[in-house]
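Below is a short note on the chain, as numbered points. Please read it with the sequence and the structure open.

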Amino acid sequence: MNNDRNKIRVVCEEGCPFVIHASSVSGNTYLQVKTFNPTHVCSKGSKNIHVTASWLAERYSGQLRLNPNWTASSFAEQVHQDYGYRPSRATVYRARAMAIDIVEGSYSKQYEVLWDYCHELRTRNVRSTVIIKSEMEGDRPRFQRIYICFAACKKGFLDGCRHVVCLDGCHVKGPHPWQVLSAMGVDANNGMFPLAYAYVEIESNSTWLWFLELLSGDLNIRNSHGYVFMTYKQKGLIDVVDALFPHAEHRHCVKHLYGNLYLKHRGLALKHQMEAIARATTVPWFNAEMRKMLELSKPAHDWLAEKDPRHWSKAYFKSDSKCDMLMNNLCEAFNRGIMDARDKPVLTILERIQLYIMLLMAKRKVLCEKLHGQVGPIIRKILEKNKGKAQWCIPKAVGQNRFEVMRHSGRNFSVDLNAHSCSCHAWDLNGILCLHACAAISWFHGNP
């Protein structure tokens with residue numbers, strides 16, 4: 001007998017007398033139970049054909065919205081508590097995927113509305129750069145990559161950031177394992193300042209070239225002299241930076257460089273010695289630290305000697321940018337900040353990144369309004385540290401605002417306050433008074 005809107009019959013498995021029969025009364029919309037036998041002679045089964053993945057997805061999409069990191073085991077346990085049925089692991093994973101599509105939209109459908117999203121970004125963020133690149137696949141465009149640089153980021157970089165650009169890429173998880181390319185600047189407090197980001201199919205020479213050409217136009221980099229680009233020596237990126245910015249200084253992250261050294265030459269002593277070489281601010285100091293590395297390990301010394309020190313040691317850095325960074329930590333901080341978004345569909349990723357940057361800018365604005373004085377807290381902390389170390393130095397005036405400063409170790413340093421320079425090269429590199437300059441200023445009771 002078939003069920004319809006006027007009658008319904010429920011039976012158990014064959015041989016079991018359980019039955020419910022209900023039908024409408026005089027054409028009414030309500031059903032009345034006419035026959036009911038509650039007796040079962042069968043055992044309780046562990047299967048339920050009605051608890052499908054789509055059924056679970058509809059009922060638990062709201063909870064998944066509140067808890068996007070809900071694990072499969074916790075999901076299954078919740079279903080068991082609610083309905084006394086434990087679904088299979090495969091059913092749970094399919095249900096979670098369907099529920100995510102309900103909450104966040106499917107991966108494929110979000111690609112279809114990317115052009116509308118870009119139009120909305122341009123409309124609501126005047127003077128921002130939003131570029132989407134696609135190719136025709138039949139009679140429909142196929143998305144390839146998208147580049148976003150907000151107007152506030154451009155203005156902030158040009159008005160108050162150091163001429164330093166850190167570059168990196170990170171993987172996107174999920175059914176479309178693409179890449180997010182990012183460019184970070186360095187603000188006046190040595191903090192991270194997001195500049196631009198791109199969502200691309202693959203990290204390659206062509207995608208980096210496309211990204212940096214757009215970035216160069218946004219940041220108005222006409223002559224790359226005085227700029228610093230920090231990278232992890234990614235494939236294709238070194239050649240692109242050298243080609244587009246031939247007069248810029250190109251630094252390689254010391255942390256990544258040590259990772260390569262560690263593959264062949266291991267040991268904590270070698271790690272500390274390499275860091276000492278990288279922190280050396282003068283060429284004689286650099287050579288002295290290299291000799292110490294030779295005493296520790298000749299193979300490690302020879303491996304390091306093959307690397308151009310202009311890319312990784314302060315002794316060979318230029319002083320135009322007033323930044324002595326050795327590691328690409330700013331890009332790592334950005335990648336960690338968007339970690340929760342990197343397994344989401346494309347629009348969700350782009351929206352999460354936009355929200356992250358917006359909240360970061362708002363937080364910085366509140367911080368700036370609370371600042372007292374002319375320098376940020378990180379810079380002041382460095383200055384106070386150098387002032388403390390200056391107590392172990394003996395300054396002697398040798399001319400107008402020129403001093404000879406002797407440290408307790410017996411080494412002498414020349415300080416020229418007019419030129420903002422010290423022979424230790426530290427003040428020249430980062431623009432922050434070194435301990436020798438602080439000692440010289442204390443000679444006439446000045447304020448560093």
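Two residues are taken to be in contact when they have heavy atoms within 4.5 Å of each other. The model discussed here is predicted.

1. Helix 9 and its cover. Helix 9 covers residues 254–262, and its buried residues are V254, L257, Y258 and L261. Viewed down the axis of helix 9, these buried residues fall within an arc of 100°, so they line one face of the helix. Which elements cover the buried residues of helix 9? Among them are strand 10 (249–252), helix 10 (268–279) and helix 12 (298–305).

2. Overall content and extent. The protein chain holds 17 helices and 14 strands. Its radius of gyration is 32 Å, whereas the globule rule gives 22 Å for 448 residues; the value is well over the rule, so the chain is more spread out than a compact globule. The C-alpha trace spans about 115 × 50 × 45 Å along its principal axes.

3. Burial and contacts. Of the 448 residues in the protein chain, 43% are buried. For this count, a residue is buried when its relative accessible area is under 20%. Taking the contacts between residues at least 6 apart in sequence, 55% join residues at least 24 apart.

4. N220. This residue is not a glycine, yet N220 has a positive phi of about 60°. Where is N220 found? N220 sits in the loop between helix 7 (205–218) and strand 9 (228–231). Its relative accessible area is 43%, so N220 is partly exposed.

5. K322. A positive phi also has to be noted for K322, at about 55°, and K322 is not a glycine. The residue lies in the loop between helix 12 and helix 13 (329–337). K322 counts as partly exposed, with a relative accessibility of 33%. Helix 12, at one end of this loop, is also one of the elements that cover the buried residues of helix 9.

Terms used: Residues are numbered from 1 along each chain as its sequence is written. This is a predicted model: local features need pLDDT of at least 70, side-chain atom pairs count only at pLDDT 80 or more; totals for chains, interfaces and linings use all residues. Side-chain values use heavy atoms; hydrogens and water are left out. Helices (H or I, at least four residues) and strands (E, at least two) are DSSP runs, numbered from the N terminus. The radius of gyration is taken over C-alpha atoms; the globule rule is 2.2 Å times the number of residues to the power 0.38. Buried means under 20% relative accessible area, exposed over 50%, partly exposed in between (1.4 Å probe, protein chains only). The arc is that of the directions from the helix axis to the C-beta atoms.
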